[in-house]
Amino acid sequence: MLIDVNDIPREGLDFDQDFDFGSFDLVEEEAAFLEPVHSLVSVKKVGEEVLVKGKLTTRLSFICSRCLRPFEYGVEAAFDLAYLPEELDEEKEELAEEDLGKFFYYHQQLDLREVILEQLNLSLPLRPLCSEDCEGLCPVCGQLVQNGQCGCQVNLSDPRLEKLKSFLRDKR
Ligand SMILES: [Zn+2]
Ligand SMILES: [Zn+2]
């Protein structure tokens, strides 16, 4: 969805837009969309800068990185961005330090779909967890450790347990 930067009116533009993406658009490999991405965005032009402010919501299916079970993940991300024209990108070393974190638009156009996808990907967790205290899988039997009830004797020389023991020792 291309916005022609020169056509942005003085009062700006408002969008209330759904976008359909495929799971191949996501940085998280095992994630899938459960619904389209809903976005509310306002776009303003101030001088050469295009200010893009808004929020996006969607629901994804993730695989928990500890227990490997799928779970639903609600995404809610707000963003407030400034896009500069591409000419400045090429002269980056001349940019003021505060401009270095900024984004760029090319050929006098801004692709709102790309903006939304980028912000969505930036908002995703690096290690998705079904819950903060997910205990993952038992290293012996591979079953869920949930409630600690698989009945396995975990080998006491397990390096992770040794680490935990010394951690607890240090706490005393
Ligand atoms: Zn889990
Ligand atoms: Zn077990």
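Where is Cys64 found? Cys64 is in the loop between β5 and β6 (70-85), and we'll come back to that spot below.

## Before we start

This is a predicted model, so local features need pLDDT of at least 70 and side-chain atom pairs count only at pLDDT 80 or more, while totals for chains, interfaces and linings use all residues. Residues are numbered from 1 along each chain as its sequence is written, and chains are lettered from A and ligands numbered from 1 in the order in which they are written.

## The big picture

The protein has 3 helices and 8 strands. Here, helices (H or I, at least four residues) and strands (E, at least two) are DSSP runs, numbered from the N terminus.

How many of the residues are buried? Of 172 residues, 11% count as buried. A residue is buried if 20 or more other C-beta atoms lie within 10 Å of its own, exposed if 12 or fewer, and partly exposed in between, with C-beta atoms placed from the backbone. As for contacts (C-beta atoms, placed from the backbone, within 7 Å), take those with a separation of 6 or more: 55% of them come from residues 24 or more positions apart.

## How the strands pair up

Two strands pair if DSSP finds at least two bridges between them. Strand β2 (residues 13-19) runs antiparallel to β4, with 7 bridges joining them, and Leu13 has Val43 in β4 as its bridge partner. On to β4 and β5: these two pair in the antiparallel sense over 9 bridges. Val41 sits opposite Gly54 in β5, and Val43 stands opposite Val52 in β5. The two strands make a hairpin with 2 residues between them, and Gly47 in the turn has a positive phi of about 65°.

Strand β5 has other partners too. It is joined to β6 by 14 bridges, again antiparallel, and Phe62 stands opposite Phe71 in β6. Strand β3 (residues 32-33) is also antiparallel to β5, with 2 bridges; there, Ala32 has Ser61 as its bridge partner. One handy rule to keep in mind: in a regular strand the side chains alternate between the two faces of the sheet.

## The nonpolar core

A nonpolar core is a set of buried Ala, Val, Leu, Ile, Met, Phe, Trp, Tyr and Cys residues joined through C-beta atoms within 7 Å. The largest one here has 13 residues, and the members touching the most others are Val43, Val50, Val52, Tyr83, Leu110 and Ile116. Two or more residues each come from β4 (37-46), β5 (49-63) and α2 (112-123).

Leaving out residues up to four places away in sequence, Leu110 touches Ile3, Val5, Val50, Tyr83, Tyr105 and Val115.

## Helix α2

Helix α2 has 12 residues and reaches 17 Å from its first C-alpha to its last, close to the 16 Å expected at 1.5 Å a residue. That expected span is 1.5 Å times one less than the number of residues.

Which residues of α2 are buried? They are Val115, Ile116, Gln119 and Leu120. Looking down the axis of α2, the buried residues fall within an arc of 130°, so they line one face of the helix. The arc is that of the directions from the helix axis to the C-beta atoms. The cover over these buried residues includes β2, β4, β5, β6 and β8.

Not counting residues up to four places away in sequence, Cys64 touches Arg69, Phe71, Pro128, Leu129, Cys130 and Cys134. Cys64 and Glu30 are 34 residues apart in sequence and 9.4 Å apart in space, C-alpha to C-alpha. Leu68 is in the loop between β5 and β6 as well, and it has a positive phi of about 65° although it is not a glycine. Leu68 is partly exposed, since it has 13 other C-beta atoms within 10 Å.

The other loop lies between β7 (103-105) and β8 (109-111), and Tyr106 is in it. Tyr106 counts as partly exposed because it has 13 C-beta neighbours inside 10 Å. Gln108 is also found between β7 and β8, with a positive phi of about 60° although it is not a glycine.

Definitions and conventions: Two residues are in contact if their C-beta atoms, placed from the backbone, lie within 7 Å.
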